[in-house]
Amino acid sequence: MLLHIPEVLSKEDVREMRRLLDAADWTDGRATVGEQGAKVKQNRQMPADHPVAKQIAEHIQQVLKRHPLFISAALPLRTLEPLFNRYEGGEHYGFHVDGAIMRQQGSSQPLRSDVSTTLFLCEPEEYEGGELEVVDTYGTHEVKLPAGDMIVYASTSLHRVMPVTRGVRVCAFFWTQSMIRQDWQRHMMFELDQTIQRLRATLGDNAETTTLTGHYHNLLRLWADT
């Protein structure tokens with residue numbers, strides 16, 4: 001599943017985040033990947049323990065906790081704190097698949113990466129190139145979204161960031177361990193949930209929506225790994 005979620009952050013939020021991020025120090029992004037990833041990664045990242053990164057990550061996490069579309073799509077069990085990357089002057093990240101097991105800095109608890117998310121913090125016209133290219137069973141998809149919008153996709157997907165040839169591309173990114181491991185099952189649950197919500201909005205609560213809601217929760221009970 002590849003899902004575009006618009007207006008996760010307000011334009012005012014994005015402007016304040018960019019003000020803080022643009023004034024902060026960045027480090028070589030290769031420091032946070034293994035040997036294979038370092039061969040194809042050329043960008044900069046904000047250190048996870050930087051006060052600016054911690055402040056902005058906390059705000060994003062609070063937004064996500066009450067965002068119904070993200071919750072419906074990801075069915076999050078645990079989500080790592082957002083990290084921040086910056087591309088300019090031809091920087092890029094070649095084709096790769098995100099690591100299967102990750103850990104929050106300072107924690108020994110493992111997290112299985114089921115869902116990958118990129119939250120855009122700059123407008124498309126601010127830079128050239130920099131498209132997020134995601135390859136899945138339905139083909140190749142290029143993603144370049146307005147500031148404040150985010151893209152959610154399966155962490156099993158092969159993907160890359162194209163070279164930024166003009167301007168600066170700044171994004172937040174993070175991973176989620178879902179209650180449901182399989183992408184096709186999450187997709188089915190998402191479509192069922194969204195259908196129920198649309199039916200309730202047009203028809204109200206009735207026997208049919210109650211039955212569908214029951215099926216939703218029974219499938220969640222069957223498939224959820226908590």
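**Note on pockets, cores and a hairpin**

1. The second largest pocket takes at least two lining residues from each of S12, S14 and helix H5 (183-203). H5 gives the most, with 4 residues. This is a predicted model.

2. The volume of that second largest pocket is about 420 Å³. Its lining counts 23 residues, and Ala154, Thr156, Ser157, Asp183 and Arg186 lie nearest the centre. By class, the lining splits into 8 nonpolar, 8 polar and 7 charged residues.

3. The largest pocket has a volume of about 870 Å³. It is lined by 40 residues; Thr32, Val33, Met102, Phe173 and Trp175 lie nearest its centre. Elements giving two or more lining residues include helix H2 (35-38), strand S6 (83-88) and strand S15 (158-161). S16 has the largest share, 5 residues. The class count is 19 nonpolar, 16 polar and 5 charged.

4. The largest nonpolar core holds 34 residues, and Leu21, Phe84, Leu121 and Met150 touch the most other members. Among the elements that each supply at least two residues are helix H1 (11-22), strand S14 (150-154) and strand S16 (164-178). H3 gives the most to this core, 7 residues.

5. What does methionine 150 contact, leaving aside neighbours within four places in sequence? Its partners include Leu3, Ile5, Leu64, Phe70, Leu119 and Phe174, along with His4, Thr117 and Thr118.

6. A second, separate core has 14 residues, including Tyr93, Val134, Ile151 and Val164.

7. Strands S12 (residues 132-136) and S13 (residues 139-143) run antiparallel, joined by 5 bridges. They form a hairpin with 2 residues between them. Glutamate 133 has glutamate 142 in S13 as its bridge partner.

Notes: Residues are numbered from 1 along each chain as its sequence is written. This is a predicted model: local features need pLDDT of at least 70, side-chain atom pairs count only at pLDDT 80 or more; totals for chains, interfaces and linings use all residues. Side-chain values use heavy atoms; hydrogens and water are left out. Two strands pair if DSSP finds at least two bridges between them. A nonpolar core is a set of buried Ala, Val, Leu, Ile, Met, Phe, Trp, Tyr and Cys residues joined through side-chain atoms within 4.5 Å. Buried means under 20% relative accessible area, exposed over 50%, partly exposed in between (1.4 Å probe, protein chains only). Contact means heavy atoms within 4.5 Å. On a 1 Å grid over the protein atoms alone, a cavity is a set of points where a 1.4 Å probe fits but cannot get out, and a pocket is an open set with protein on both sides within 12 Å along at least five of seven lines; lining residues have an atom within 4 Å of a point. Grid points are joined across faces, edges and corners, and a volume is the space filled by probe spheres set on the points. Ala, Val, Leu, Ile, Met, Phe, Trp, Tyr, Cys and Pro count as nonpolar, Asp, Glu, Lys and Arg as charged, and the others, Gly among them, as polar.
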